[in-house]
Amino acid sequence: MAGRSVTPEKDLHAGRSPWMRMGGRAAPTRPLTQSIKADVAIVGAGVSGAFMAEALTRRFERVVLVDRRPPATGATAASTAMLQFEIDEPLTALSDKIGARKANAAWRRSYNATQDLQKLVTAEGIRCGLQARSSLYLAGNDFGARALKDEAAARRRIGLPADFLEAEALKASFGIDRTGAIFGEGSAIANPMQLAVGLLRRAAARGATLYSPVDVSGVMATKHGVVLDTGAHFIEARYAVFCTGYEALKGLPTMGTKITSSWAIASRPGIAMPGWLKRSLVWEASTPYLYLRTTPDGRIVAGGEDEQIDLPSYRARSLHGKARRIVAKLKRMHPGLAFTPAYAWSGAFGESDDGLPIIDAVPDMPNCYAVMGFGGNGTIYSKIAAEIVPTLIAGRPDTDAELYRFR
Ligand SMILES: Cc1cc2nc3c(=O)[nH]c(=O)nc-3n(C[C@H](O)[C@H](O)[C@H](O)COP(=O)(O)OP(=O)(O)OC[C@H]3O[C@@H](n4cnc5c(N)ncnc54)[C@H](O)[C@@H]3O)c2cc1C
């Protein structure tokens, strides 16, 4: 494989998120000045590459990461970082698509990974504003109250936290007028750039080296190992893991997936808000959907308005119109939530038909693995990938790996 780059280069976001201003206490990077050898080379130092490096440095001595951008400044910088175990595709709908056994496994894995992510960040002392949150999933134009009642029952049957709230209870406890909602504990929030940088720093402390800016322009994969061509130098590794986000390796089978656009806003800190909102994420079963969360310093972060179009110029041009719509929708959802956005941004966003990511060995490229997290809980998929890929590299089975294969 050769050419200018092995992945397409996109404008991944426009506008500014609050994390971009706060930065991520930069990860230690260095230029690549000579050809090197490694056990594992990770391409991409966003949150997926960061989780991967943290996991792989527990098993391998020589882990290197390369990125053509500064670490955590790709899609990770645009994330609103709702760390949800809830997959975009409800459990009942996913069961209809892929069967109950697989759907149950996907939801359980997502729940467990969300809890493990929180334990890992706490154990490693990563300062990224991680806080536990409950989640409130409101009935909307895709799923009404009756469907959500069935959904809550299906989640409870497999041991996941889910209480169905009737309209009266929802209004009384949350002041929101909808026909019903699912309420459950087990989710979280973080500053996505600080999360990624914190993980990269832990990996660096265990011996990983992060080279940036380095663009991988060629890959030669054989059963003996992988050579990455960076233009000036080569990286020779036993394994390569492509954590390149929405800039997927050219030529990969991506059936059932698409890159769309999403928009988000954030208020200034210290906004007056109801007490429950400080402890809950909110999202809705609608297309396009609206979601919101708060930050530890009292910002409201909200987003949605997704469109099935991957056009950077459109993302940038429609920023202010979309921000106004998000604010208006918030006000309709809860009249107490009126504010002028201090930040507005948009980004490329990956979706898959079943709401599941791709975490798999790359077809016809021995010793190469690809990680593509799709959907609103992409960060949880980054964590799951960091569990599955090291297991596959070790030649051991992961019972859930079948869920995330190339389709
Ligand atoms: C508006 C918005 C809101 C979102 N909200 C949430 C949310 O609430 N919760 C959630 O979980 N997810 C959310 N997401 C999704 C989340 O942003 C992604 O799942 C996540 O950031 C993907 O991380 P990544 O590391 O895979 O990709 P990236 O952060 O894009 O990292 C990939 C890296 O690979 C590098 N790269 C690519 N090709 C090459 C190459 N050839 N050579 C060298 N380097 C290369 C890039 O430079 C990039 O830095 C949201 C996304 C958007 C746009």
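Reader: Which strand gives the largest share of the lining of the largest pocket?

Author: Strand 16 does, with 3 residues. The model is predicted, so local features need pLDDT of at least 70 and side-chain atom pairs 80 or more, while totals for chains, interfaces and linings use all residues. Residues are numbered from 1 along each chain as its sequence is written, and side-chain values use heavy atoms, without hydrogens and water. A strand is a DSSP E run of at least two residues, numbered from the N terminus.

Reader: How is a pocket found?

Author: Rolling a water-sized probe over the atoms shows where empty space is left. Strand 13 (280-284) and strand 16 (343-352) each supply at least two lining residues.

Reader: Which way do the side chains of strand 3 point?

Author: In a regular strand, side chains alternate between the two faces of the sheet. In strand 3 (residues 63-66), V63 and L65 point one way, V64 and V66 the other, and all are buried (under 20% relative accessible area, 1.4 Å probe, protein chains only).

Reader: Which strands pair with strand 3?

Author: Pairing takes at least two DSSP bridges. Strand 2 (residues 36-43) runs parallel to strand 3 over 4 bridges, with A41 opposite V64. Strand 8 (residues 209-211) is also parallel to strand 3, through 3 bridges, and there Y211 stands opposite V66.

How values were computed: Buried means under 20% relative accessible area, exposed over 50%, partly exposed in between (1.4 Å probe, protein chains only).
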